[in-house]
Amino acid sequence: MIIDAPYRIFSLGDSAITLDFGNFIDEKINQNIIRLFYSLQRAPLPGMIEVVPAYSSLTIYYDPWQVKKFIHQNETSYKWISEQLEKRIQTPLEEENNIARLLKIPVCYDKEFGFDLELIANEKHISVEDVIQIHLSKNYRVYMLGFLPGFSYMGLVDERIEMPRKLQPRLRVEPGSVGITGRQTGIYPLPSPGGWQIVGRTPLKLFETNSNDEAACLLKPGDNVIFYSITIDEFKSY
Amino acid sequence: MSLKVIKAGILDTIQDMGRYKYQYLGINPGGVMDRFAASIVNILVGNSMNEAVLEMHFPAAAFLIEQPTIIAIGGADFFSTINGEPVPLWHPILINKNSVLQFEQLRSGARCYLAVKNGLQADKWLGSYSTHLKANTGGYKGRALRKDDAINFKRQSNYSRFFSEKDSIVLPWQADIKWTGDQNDKIFIIAGNEWKMLDNASQYHFLNQPFTVSPVSDKMGYRMRGANLTTNNGFELISSAVSFGTIQLLPDGQLIILMADHQTAGGYPRIAHVITAHLPVLAQSRAGAKINFSMTDIETAEKLLMLQQQHLLQLQNACTFRLEEFLNQ
């Protein structure tokens with residue numbers, strides 16, 4: 001890297017370890033995390049099961065039984081893994097440009113799908129068209145995936161359309177629904193209960209179980225996303 | 001066909017040890033709730049410990065076994081019978097063709113495991129046979145078993161020479177499920193990163209009062225009922241990773257323990273984590289069970305996990321030897 005921000009390392013139970021940069025969303029920090037994530041995927045630590053990036057943290061799941069094979073009997077697997085992780089943090093990493101992809105995602109903002117557009121417009125004293133244009137105006141970063149298979153946490157949404165989570169979550173949000181909560185935007189990959197404010201729907205499949213590898217999910221951590229508007233007719237014939 | 005569902009259960013799915021390497025895409029590992037029991041039933045029939053098994057809840061399905069095979073049942077005690085005759089837990093059982101396997105009574109525990117020699121033919125998705133109910137994939141058609149479903153065994157074996165008149169033969173050795181470090185009635189935990197967010201009184205309550213598994217508990221998580229816990233400076237966290245066994249503090253002051261089907265990330269304070277070696281006990285706790293937490297450290301957590309793993313390996317050596325000896329006689 002070398003990571004120039006303060007961080008902490010702590011155990012997440014007895015089989016996982018977290019590297020944490022603090023309780024905030026920062027693009028630079030997340031870039032570092034995604035770089036370290038891909039580096040650990042390419043060259044895993046001994047005994048590592050998998051590595052998972054989040055907004056400002058990265059977690060390594062490991063098998064303490066396997067790690068024990070590499071260490072002194074009196075040492076803990078946790079201590080050894082944390083030392084290995086420290087070493088990797090100090091190792092220079094390649095630029096993220098080699099990894100990041102730019103995806104263009106069609107979204108239909110018709111009122112048939114954008115259930116909460118009017119609510120946001122009223123709340124923010126702007127027009128529905130303004131809400132749509134503001135949502136379209138930015139290039140979003142996929143900070144992390146979670147909640148559901150293929151659910152992307154993207155940001156940062158313009159403050160002018162920042163919205164709190166719904167107090168009463170919908171019991172069913174359709175797959176492809178594009179939502180906003182706080183300064184995050186995301187797309188529901190599967191039918192699910194959900195509390196995000198829904199602004200539109202994409203005809204793309206975010207999650208595909210026919211695929212038996214990482215292509216099961218359209219979006220990956222570190223991707224960049226641009227939304228473009230399509231009409232309801234274009235949506236239906238997509 | 002080899003194993004046919006003649007009566008559906010409430011939630012019977014094919015599971016293995018879970019689907020790893022895809023949490024970065026939001027795909028949760030899932031898998032069996034009680035890895036210790038699932039490992040042992042596999043060991044008893046001569047499978048590798050992570051072979052796919054049936055994980056059953058009560059009331060469980062009834063099965064028609066259409067081809068002779070060796071099975072083992074363990075975990076919760078559902079009072080299993082073969083053609084009406086009771087059969088014990090934790091034994092390998094030679095079961096003849098056209099036998100009916102049933103689970104008649106909930107006696108103890110929450111999840112019962114059935115292993116079949118050489119394993120079950122199931123759908124593998126992203127490296128795992130575990131049924132992912134939300135994504136509707138893996139295991140048997142991505143869903144819980146229903147009446148008339150039929151699952152093939154991976155391999156057919158000819159055991160006819162062992163059968164005379166009896167329908168099934170319970171082989172005489174039983175797996176020892178007691179392992180060193182098992183003799184306590186407390187669930188060991190280690191502190192989570194947000195442990196210090198709890199005020200002193202709440203830390204005390206957490207460690208000194210029992211918590212009850214509430215009825216709103218499932219494979220994703222156990223909601224616990226107990227003292228209302230409060231924080232010094234409550235604040236919302238941005239999403240980050242959680243784990244099987246993570247104990248989160250919900251905004252209403254109650255606790256949830258994340259179980260096998262937990263989501264990959266969460267934003268609630270992680271006040272503690274159940275040690276891996278004690279997850280099987282928790283996995284067999286039903287609604288109403290009282291849980292006492294006891295704080296330990298990572299050294300102890302690792303030591304207990306090593307002891308448990310060593311116990312399984314010793315069991316595997318002994319059982320493999322006994323089974324081969326029996327089959328070659």
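## A loop in chain A

L156(A) sits in the loop between strand 7 (152-155) and strand 8 (170-173) of chain A. Helices (H or I, at least four residues) and strands (E, at least two) are DSSP runs, numbered from the N terminus. The peptide bond from G155(A) to L156(A) is cis, and its omega is near -5°.

This is a predicted model, in which local features need pLDDT of at least 70, side-chain atom pairs count only at pLDDT 80 or more, and totals for chains, interfaces and linings use all residues. Residues are numbered from 1 along each chain as its sequence is written, while chains are lettered from A and ligands numbered from 1 in the order in which they are written.

## Chain A overall

Chain A has six helices and 13 strands. Its C-alpha atoms fill a box of roughly 65 × 40 × 35 Å, taken along the principal axes. Of the 238 residues of chain A, 44% are buried. A residue is buried if 20 or more other C-beta atoms lie within 10 Å of its own, exposed if 12 or fewer, and partly exposed in between, with C-beta atoms placed from the backbone.

Two residues are in contact if their C-beta atoms, placed from the backbone, lie within 7 Å.

## Where the chains meet

The contact takes 43 residues from chain A and 36 residues from chain B. On the chain B side, strand 16 (240-241) and helix 4 each supply at least two residues. Helix 4 of chain B gives the largest share of that side, seven residues.

The chain B side divides into 17 nonpolar, 15 polar and four charged residues. Here Ala, Val, Leu, Ile, Met, Phe, Trp, Tyr, Cys and Pro count as nonpolar, Asp, Glu, Lys and Arg as charged, and the others, Gly among them, as polar.

## Helix 1 of chain B

Helix 1 of chain B is mostly covered: ten of its ten residues are buried. Among them are R35(B), F36(B), V41(B) and N42(B). The cover includes strand 3 (53-56), strand 5 (69-77), strand 8 (92-95), strand 10 (108-116), helix 3 (279-283) and helix 4 of chain B. G46(B) follows the helix, with a positive phi near 85°.

Helix 1 (residues 35-44) packs against helix 4 (residues 298-327) of chain B at an angle of about 15°, with the axes 9 Å apart. Axes are lines fitted to C-alpha atoms, for helices over the stretch in contact, and angles run from 0 to 180 degrees between N-to-C directions. The two helices are therefore roughly parallel; angles under 35 degrees count as roughly parallel, over 145 as roughly antiparallel, 65 to 115 as roughly perpendicular and the rest as oblique. On one side of the contact are F36(B), S39(B), I40(B), I43(B) and L44(B) of helix 1, and on the other Q308(B), L312(B), L315(B), Q316(B) and C319(B) of helix 4. These residues divide into seven nonpolar, three polar and no charged.

## The nonpolar core

The largest nonpolar core has 157 residues. Such a core is a set of buried Ala, Val, Leu, Ile, Met, Phe, Trp, Tyr and Cys residues joined through C-beta atoms within 7 Å. V41(B), I71(B), L114(B) and A115(B) touch the most other members. Helix 1 of chain B supplies the largest share of this core, seven residues. In soluble globular proteins, nonpolar side chains tend to be buried together.

Leaving out residues up to four places away in sequence, A115(B) touches several residues, including V41(B), L44(B), V53(B) and I71(B).

## Two buried sites in chain B

V274(B) belongs to strand 20 (residues 270-274) of chain B. It counts as buried, with 27 C-beta neighbours inside 10 Å. Beyond four places in sequence, its contacts include I187(B), I247(B) and L282(B).

M197(B) lies in the loop between strand 13 (187-191) and helix 2 (200-208) of chain B. It is buried, with 21 other C-beta atoms within 10 Å. T230(B) is 33 residues from M197(B) in sequence, yet their C-alpha atoms are 8.5 Å apart.

## Backbone points in chain B

K21(B) and N98(B) are two residues to check for phi. K21(B) is not a glycine, yet its phi is positive, near 85°. K21(B) is buried, with 20 other C-beta atoms within 10 Å. N98(B), also not a glycine, has a positive phi of about 60°. N98(B) is exposed, with 12 other C-beta atoms within 10 Å.
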